[in-house]
Amino acid sequence: MHTPQVMEYYENPRNVGTIRDADGVGIVGTPASGEMMKLTIRVSQERVVDAKFKAFGCPTAIAASSLITELIKERTIQEALNITERQVDEALGGLPPDKARYAALAEKVLKAAIHNYNSHLNEKGGSK
């Protein structure tokens, strides 16, 4: 049912938690819907230097959330923005159709966190 990659990230999730005073925060889904992802990022010189997640849902939701933190660390904001749900899906070993939405949610939470970061940056009128 679950790929070996999904099981590895589910059983050994990386970067669990929340960054205090994060530079960007993204949240998709709700606990009421049975699935929710939260991503917090720390950015320095336009590069993601740290990322942490919290997820509510099935093993695939947890795996996709954990994976996205690894995919974006040490990348520039633009490089992180270019990560797609297809890349998440492939890195998780090819998700079955009924689980593919978690790759899409991982991309969506990433874009939300970066959008939040950019919004804060624009409010401050500069870069960190």
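A nonpolar core is a set of buried Ala, Val, Leu, Ile, Met, Phe, Trp, Tyr and Cys residues joined through side-chain atoms within 4.5 Å. Keep that idea in mind as you look at the structure above, which is a predicted model. In soluble globular proteins, nonpolar side chains tend to be buried together.

Let's begin with the core. The largest one here holds 32 residues. Met37, Leu39, Ile41, Ile72, Val88, Leu92 and Leu110 are the members with the most contacts inside it. At least two core residues come from each of these elements: the helices α1 (4–11), α2 (59–72), α3 (77–81) and α5 (101–124), and the strands β2 (35–44) and β3 (47–56). The helix α5 gives the largest share, ten residues.

Now pick out Leu92 from that group. Setting aside neighbours within four places in sequence, you will find Leu92 in contact with Thr3, Gln5, Val6, Tyr9, Ala63, Ala64 and Leu67.

Thr3 sits in the segment before α1. Is Thr3 buried or exposed? Its relative accessibility is 12%, so Thr3 counts as buried, the cut-off for buried being under 20%. The Thr3 side chain reaches the backbone nitrogen of Val6 at 3.1 Å. Beyond residues up to four places away in sequence, Thr3 touches Leu92, Gly93 and Gly94.

Arg14 lies over the face of Tyr9, 4.2 Å from the ring centre. And how many aromatic pairs does a search of the whole structure find? The search finds zero.

Conventions: Residues are numbered from 1 along each chain as its sequence is written. This is a predicted model: local features need pLDDT of at least 70, side-chain atom pairs count only at pLDDT 80 or more; totals for chains, interfaces and linings use all residues. Side-chain values use heavy atoms; hydrogens and water are left out. Buried means under 20% relative accessible area, exposed over 50%, partly exposed in between (1.4 Å probe, protein chains only). Helices (H or I, at least four residues) and strands (E, at least two) are DSSP runs, numbered from the N terminus. Contact means heavy atoms within 4.5 Å. Rings of Phe, Tyr and Trp (its six-membered ring) pair if their centres lie within 6.5 Å; planes under 30 degrees apart count as stacked, over 60 as edge-to-face and the rest as tilted. A charge sits over a ring if NZ of Lys or CZ of Arg is within 6 Å of the ring centre and within 35 degrees of the ring normal. A polar contact is a pair of N or O atoms within 3.5 Å; within protein, one must be able to donate a hydrogen and the other to accept it, and residues adjacent in sequence count only if both atoms are side-chain atoms.
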